[in-house]
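Biologist: I'd like to learn how to read helix packing. Could you walk me through a case?

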Amino acid sequence: MPKKDAPPLQGELLQGTLDLLILQTLVLGTAHGHTIALAIERRSEDVLQVEHGSLYPALHRLEGRGWIASFWGTSENNRKARYYRLTPAGRKELRQQASRWDELVRAINRVLRPASE
Amino acid sequence: MGWTRFFRRRAWDKERARELETYLQMETDENIARGMLAEEARYAARRKLGNPTFIREEIYGMNSIGFLENVWQDLRYAVRVLGKSPGFTLFAVGILALGIAANTAIFSIADAVLLRPLPYRDAGRLVMVWEDGSSYGFPRDTPAPGNFSDWRARNHVFDDMAAFKWDNLNLSDEGSPEHLIGQAVSANLFSVLGVSPFLGRDFRVDHNAPGTAHVAIISHGLWVRRFASDPRILGRQIRLNSDRYTVIGVMPRGFLYPTRDSEIWVAWQLTPEELAIHDSHYLHVVARLKPGVPLRSANADMTTIAKQLEREHPDTNAKVGAYVTPLRDELTGDVRPAILVLTGAVCFVLLIACANIANLLLARATGKRRELAMRLTLGASRSRIVCQMLTESVLLAVLGGSLGLALSVWGTQFLAALVPTGIAPLDESAIDRHVLLFNVAVSIGTGILFGVIPALRISSLNLVSSLKYGGRSGVGSGGQRVRDVLVVSEVALAIVLLAGAALMVRSFANLVRVDPGFRADHVLVLRTPMQMQKYNTQAKRTAFYDQVLERVEHLPGVLAAGYTTWIPLTNEGGATGITIEGHAEPAPGQMPIPNARIVSRNYMKALGMKLVEGRLFDEHDGTGTQLVALINQTMARSFWPGEDLVGKRFKRGTFREDVPWITIVGIVGDVHQAGPAQPARAEMYLPYQQQEFFPPDYLAVRTSGEPLLVAESVRQQVWSVDKQQAVADVMPLEQLVGENLAPKRMQASLLGGFAGLALLLASLGIYAVLSFAVTQRTQEIGDGPFARAEAVSDWRGCWPGGGPGTLANVGTLTVWRQCERSTFVCRRDFGFGRSHAARMLHSGAPSDARRSSGRAPLRINLARDALRERKRYERVAKLFLREFRVTSCSNHQVLLPVGPVGHRRGIRGRRQL
């Protein structure tokens, strides 16, 4: 677990990682862009600072692949907002990507700390 | 990404804009909740989101097919840009259309003649076989039947060999008698070529046997024309000469062997005696190589057989070789090098056009520097700008190409004569697929070729200086150098072309100047193919000729008429061996073989040949009198060198043959039987009453007026002698001569035309570069020439580095003319010269000029005497405004916009004043 005062990993997100994060956020239920951005930030304890702007092209891409779907709804403070939800295909994709991610992390850890295991 | 999204991407974009707006509002709300001021909260939200336009652009980009989108955008932009400068566009499209049209037209010929496969099965294996009779003056001789049958029996390299001879076929059953171009062929000719009849069947081997029924196969054209495409033609009897032939087949449309004009092929009944003749050479032999046998082996095999035959028949075959040539080479003949030369020429023309347009584009691009610099600064990628400029140039080229295609369709008809008769003619009604492809490829390639240099140059411009100085520096002298290189190449290419064209025109002029040995004007030529079955004795034939000549010579408007075996330009050969009285028996292969022409008494007169020595034939040279001959100068020189000739005798045939002697009565001038390019052979003329081993066919009629005017009455006179006699090839002799020279004339004029076009384009190129350079340096020049009476050196400054030798001169000349023009304007309009004007304007200039080396405007005080002539001055001022872009002008001062003035000679020049 990185320390609190470590510099945020802004701009260093691995390619495809943002997709994973968005899909994971949507597992909990529908959300609009603003919520997703905040959720990612908060749940990573501010380490992963997503540039909020880059979220929207990613959402668009995911929707294009059929992993999420969108609809217009009304937000908690009564504003028209575009909501996103996970599709079954997205759920399946999330499982696959998550397990690939775990593998990757394990592999990197094995390389970095071979002795401590 | 689906297509629906591509088409709905605007709606999508709107939606995204709304979504982003929602985000901003929410974030702002939150920020306010955190205690920020409304304004600050909004800014913070924006910071957090990033640039919404970028985001939208990114999503928009995901919805579109990037490349297509860009191309479409560039294309619309290019159309707008080109539409805005219609002058440039028209000029460029015009130049390109000319260049591409020339290329397309020549390509369509090259495609038809050199590239398109011949319409025969596996045509690469087809060859023609010739006798090599170089030692007799016939390096490419038509084989003798005996040699053909021996070659066929002994070779190891051919699948099969076929032979044919040209035949006189007089079709005379229904309608008027008609002379057909046809061949007597060996039965296997079509199978060797690999073409089967379209209707009916091919010849069988037994059709060649003597004494069997005569059979014929007709061409598709003849079937349609003469027999109205009647399918019952098969088995029908037609009358050819005096024999009946059964039509057994119709060849497919487009079959054109040996030439386009061939209309009928008859099975040739070869007697064993004929197949043993080794000393009469009149066959054409076509053969199919066995698969995988190279030409070299075929030649080796033929040489071996020729050597064997030489041993076996020393009398006839001494020094007679044999060799093969590919059929395509035979069919294309000497058109091939001509087409290659022309292809090179049109490539040059197109390259020059490219350099021209590249130059113009460079000049225009320099004008657009500011705009482009701005776009680059705003974040346009260089590749995007290069793409956009290339789109513009490719659009230009494609426009030019389409126009060029239309032009080439029109131009190709003039080139159609370049296609030899053994090759399928150009289909003028349709644009060939190959030609279309070629046109499109050349257009696009051209567009990229001339577009790439300006595009690369401009995209690498120096942003700061371009923005700062706008129209003045930036691309700078580097761009000038590129333009110089382009112009130098243009001129170099044009000069190469000009030199080539000059050579060709020169050699053509030499050809025309050769004395052909006869006068072609006022001579009508026609052919009455002798019907040998009908006129089967010499007496009958002599009577026929006598009667025809008698009647024709008495026609009004006819000065003389004469029969001959072959009119000049129709047969370079027609030779026979002779033995000279008093000479020892020649070694094998050393027998003199002059050309022989069997003629009527007035033939020399009709043709306008010159008598050099002795006398022409007269009425005493006839049947039963002394055998006489006229010989040409070459024959006299070669066989009786330095001897007094008249009265000398020779005989036809070998030393031992017992035939009567023929006495030489005169010597006539050489006639170039094969055209002016070929030297005349030894030749003798014999009266038809005495000798007629080659029965005369051609009638030459010298007329007092237009030769074609008597054509009809001559024809009627022939028919009044024999109404079944075909009359063919009626034309003025001049036409025959013209046709003989036509290919060379065409090549020379085409090459000349292309060279002219190249020169024109190159001059335009120079003009464009100079006028551009002049515009660019207007302010320097504005100082220079008006400061000094001697303007040239200053104008020369437009040409950095002076340019290479000749070019510099050309450049200087053009520039000088430009100077002169403006001087003349002064002089003509205002009655004073440039130096006068300069003095008027510059009396106070030197000190100002020295100060003005920076960017301050140059003020030139006007002399007092100019003020006195105020009206005059105003006109001068207006002129300056127009010619030198003077920014403003008052009664006292002319304000010149000064850029980096002061380098080069402007300032120094002023000091001298």
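Predicted model: local features only at pLDDT ≥ 70, side-chain atom pairs only at ≥ 80, totals over all residues.

**Helices crossing H2(B)**

Modeller: Start with handedness: a crossing is right-handed if the near helix is turned clockwise from the far one by less than a right angle, and left-handed if anticlockwise. Here H2(B) and H4(B) make a right-handed crossing. Residues are numbered from 1 along each chain as its sequence is written, chains are lettered from A and ligands numbered from 1 in the order written, and side-chain values use heavy atoms, without hydrogens and water.

Biologist: At what angle do H2(B) and H4(B) pack?

Modeller: Axes are lines fitted to C-alpha atoms, for helices over the stretch in contact, and angles run from 0 to 180 degrees between N-to-C directions. H2(B) and H4(B) (residues 52-63) pack at about 150°, axes 10 Å apart. Under 35 degrees is roughly parallel, over 145 roughly antiparallel, 65 to 115 roughly perpendicular, the rest oblique. H2(B) and H4(B) are therefore roughly antiparallel.

Biologist: Which residues of H2(B) meet H4(B)?

Modeller: Contact means heavy atoms within 4.5 Å. Among them are B:Trp12, B:Ala17 and B:Leu20, with B:Ile55 and B:Ile59 included on the H4(B) side.

Biologist: And how does H3(A) pack with H2(B)?

Modeller: H3(A) (residues 52-64) and H2(B) (residues 9-33) pack at about 140°, axes 12 Å apart, and are therefore oblique. H3(A) also passes H2(B) in a right-handed crossing.

Definitions and conventions: Helix = DSSP H or I, 4+ residues; strand = E, 2+ residues; numbered from the N terminus.
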